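Subject: Structure handover

Hello,

Here is the structure you asked to look through. My notes follow below it.

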Amino acid sequence: MSSSSNQDTVAVYGRLWRYVMPHKLIGLIAIIGMAATALIEASLVYLLEPLMDDALVAQNLETAKWMPITFIAIFIARGVAGFATEASLGWIGRNVISSLRRDVFGKFLTLPTRFFDNRTTGPLLSRMTYNVEMVAESVTSVVTVAVRDVLTVFAAFGVMLLQSPKLTVFVVILFPIIAVLIRVLGVAFRRYSSRIQDSVGEVTQVTEEIVRGNWVVKMFGGYNYEKDRLAEVDERNRRQNLKLIRVRSLGVAVTQTIFGFGIALVIFMASRESIDGNLTPGQFISFFSAMMLMLQPVRRITNVNATLQRGVAGAESLFTIMDEPDEVDSGTFSKDDVKGDVEFRDVSFSYGADNGPVVENISLSVESGKTLAIVGHSGSGKTTLASLLPRFYDVSSGDILLDGVSIRDYTLTNLRDNISLVSQDIVLFNDSIANNLAYGELRERPQEELMRAAQVAHVLDFANEMPNGLDSKVGDRGALLSGGQRQRIAIGRALLKDAPVLILDEATSALDTKSERHIQEGLAELMKDRTTLVIAHRLSTVEKADKIIVLDAGRIIESGTHAELLAANGAYAALYRMQFSEE
Ligand SMILES: Nc1ncnc2c1ncn2[C@@H]1O[C@H](COP(=O)(O)OP(=O)(O)OP(=O)(O)O)[C@@H](O)[C@H]1O
Ligand SMILES: [Mg+2]
């Protein structure tokens with residue numbers, strides 16, 4: 001875990017410190033609170049001496065009268081100090097968590113698409129929850145140890161010295177020996193117990209699979225198979241945990257026994273001192289309590305490195321994300337009245353250095369207001385080609401121009417403002433139909449425009465039948481809607497955006513022929529005065545395009561109008577015939 005060198009640890013903590021610094025006043029309160037707690041606890045054990053010797057043994061009435069009052073005062077002070085510490089440390093912790101979380105979230109919003117392609121969702125999500133909590137917890141515990149525990153040890157040590165210097169020297173020699181013994185045993189136990197793998201991950205895995213795949217389980221009678229599978233991993237988990245419990249409690253028992261020997265030695269020495277007349281009962285009680293007071297803090301101080309490393313590891317995972325390069329947005333050009341001339345100049349693209357090119361030497365141009373259809377087999381690179389225009393990915397070579405200006409010269413915001421997209425994977429948010437139509441900046445659009453888009457995209461057809469109309473919720477990722485309904489919302493969203501360039505990637509694939517024809521009318525009207533790139537398997541949607549290109553393995557193998565391509569009797573004609581016979 002602690003692969004990071006000390007240098008990194010310092011750097012990471014320094015960076016974390018910047019999240020804490022804005023709260024330095026509250027931090028000061030926390031430090032005062034912690035210092036007070038340490039002093040109060042020490043004075044408590046110190047007072048045991050007069051309590052014992054004066055009040056109880058010598059029966060001094062004056063002391064007996066003041067003792068309870070003093071104790072009340074001390075406990076009130078301890079309560080106040082404890083509250084001040086907890087509340088202010090908690091305040092700082094929660095604020096650090098909030099700012100870390102916002103920074104990571106903000107970063108997620110501006111990271112390039114490629115970043116998300118290469119990562120699994122789970123670990124990214126857990127940074128937002130588990131990691132930020134762990135970091136804040138580690139920071140507050142390290143601070144607590146550094147201030148409260150260190151001070152407590154010093155104060156308790158002072159009390160011990162005051163009560164019996166001789167016993168203190170004895171303890172100072174004895175304790176490290178015991179500590180080393182316990183440490184050695186502890187390492188051995190921990191080595192053994194870390195070999196007992198925690199198998200709770202398997203239980204989660206199996207459960208998650210049946211929750212997600214409950215249709216398959218039902219359809220294919222997977223009940224017994226899944227039950228057996230769970231029983232197996234659950235049994236393994238039960239056995240391993242029992243073993244872990246046994247090892248741990250044995251460890252505790254052995255440690256306590258060793259510790260008992262140490263205590264016995266201290267008591268033995270104390271009795272001798274007492275017999276020699278060097279130690280009163282009160283001094284002994286006070287000394288002994290101070291010694292016990294030190295134990296927990298000493299333990300935490302010796303473990304502080306582990307806590308620190310855990311925090312550093314968590315923080316590093318957050319900072320690595322924050323340091324990822326954002327989407328390249330170096331363009332400064334921006335234009336309000338984009339006409340929509342699109343030109344690809346010898347564009348090639350590959351998803352990574354190890355992957356081959358997915359789009360190769362593509363040159364094409366679409367005049368403003370015209371429609372270009374892209375057809376080709378699955379995996380031929382149609383979606384990839386279209387995604388280069390809004391710069392979800394940047395071209396590897398060549399250039400793409402919008403109105404004669406390279407899309408890299410536009411600001412990302414201006415470029416994307418001018419493009420509407422209905423993607424192949426429809427993304428809906430867990431909100432109402434209306435809010436999914438008017439997502440983001442579209443929220444500002446007037447109600448009439450929203451209604452019109454909903455009507456043209458035939459969203460109203462089904463929304464009106466729902467109890468809450470356009471305000472009905474669509475569920476997680478639109479789970480409460482049918483595939484075609486989701487698609488219609490996505491089309492409506494693109495209509496509402498009303499941008500000069502429109503990309504339709506299989507926009508009507510989930511619709512039946514009749515609904516598609518309805519929507520086509522709306523789309524046709526929309527496409528009339530804007531540049532459209534339409535990707536479709538169903539060639540009926542493509543026929544009317546001004547130009548059609550046929551992609552194969554990322555290259556244009558044919559291009560022309562529907563009539564020209566049929567006459568040429570090539571790949572397009574073959575695709576067309578195949579479909580024609582199907583219908
Ligand atoms: N994010 C990605 N990372 C790496 N490779 C990818 C990625 N997306 C697509 N590919 C690969 O690029 C190739 C082209 O994919 P693309 O999605 O552009 O095809 P398509 O023509 O749209 O296919 P379909 O008709 O099935 O939608 C495929 O071989 C695919 O495996
Ligand atoms: Mg595709």
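The C-alpha centres of domain 2 and domain 3 lie 58 Å apart. The protein is divided into domain 1 (1-163 + 297-324), domain 2 (165-278) and domain 3 (342-582); these bounds come from an automatic or database domain assignment.

This is a predicted model, in which local features need pLDDT of at least 70 and side-chain atom pairs count only at pLDDT 80 or more, while totals for chains, interfaces and linings use all residues. Residues are numbered from 1 along each chain as its sequence is written, and chains are lettered from A and ligands numbered from 1 in the order in which they are written.

Ligand

The residues around ligand 1 are Asp117, Tyr351, Val358, Gly376, Ser378, Gly379, Ser380, Gly381, Lys382, Thr383, Thr384 and Gln424. A residue is listed as near the ligand if its C-beta atom, placed from the backbone, lies within 6 Å of it. By class, this shell holds two nonpolar, eight polar and two charged residues. Here Ala, Val, Leu, Ile, Met, Phe, Trp, Tyr, Cys and Pro count as nonpolar, Asp, Glu, Lys and Arg as charged, and the others, Gly among them, as polar. Helix 12 (residues 382-387) supplies the largest share of the shell, three residues. Helices (H or I, at least four residues) and strands (E, at least two) are DSSP runs, numbered from the N terminus.

Strands

Strand 3 (residues 371-376) runs parallel to strand 9 (residues 547-552), and five bridges join them. Two strands pair if DSSP finds at least two bridges between them. Isoleucine 374 has isoleucine 549 in strand 9 as its bridge partner. On to strand 10 (residues 555-560): five bridges join it to strand 9, and the two run antiparallel. Leucine 551 stands opposite isoleucine 556 there. Strands 9 and 10 form a hairpin with two residues between them, and alanine 553 in the turn has a positive phi of about 50°.

There is also an open sheet of four strands, in the order 2-1-4-5, with antiparallel pairing. Its edge strands are strand 2 (357-366) and strand 5 (405-406), each of which pairs on one side only. Strand 1 (residues 342-350) is joined to strand 2 by six bridges, and glutamate 343 has serine 365 in strand 2 as its bridge partner.

Cores

Which residues of the largest nonpolar core touch the most other members? Of its 65 residues, they are Ile374, Leu437 and Ile548. Helix 17 (residues 483-497) gives the most to this core, six residues. A second, separate core has 47 residues, including Val12, Tyr19, Ile92 and Val145. A nonpolar core is a set of buried Ala, Val, Leu, Ile, Met, Phe, Trp, Tyr and Cys residues joined through C-beta atoms within 7 Å. A residue is buried if 20 or more other C-beta atoms lie within 10 Å of its own, exposed if 12 or fewer, and partly exposed in between, with C-beta atoms placed from the backbone.

In helix 15 (residues 447-456), the buried residues are Leu450, Ala453, Ala454 and Val456. Histidine 458, with a positive phi near 60°, follows helix 15.

Arginine 408 lies in the loop between strand 5 and helix 13 (412-417). Arginine 408 counts as partly exposed because it has 18 C-beta neighbours inside 10 Å.

Regards
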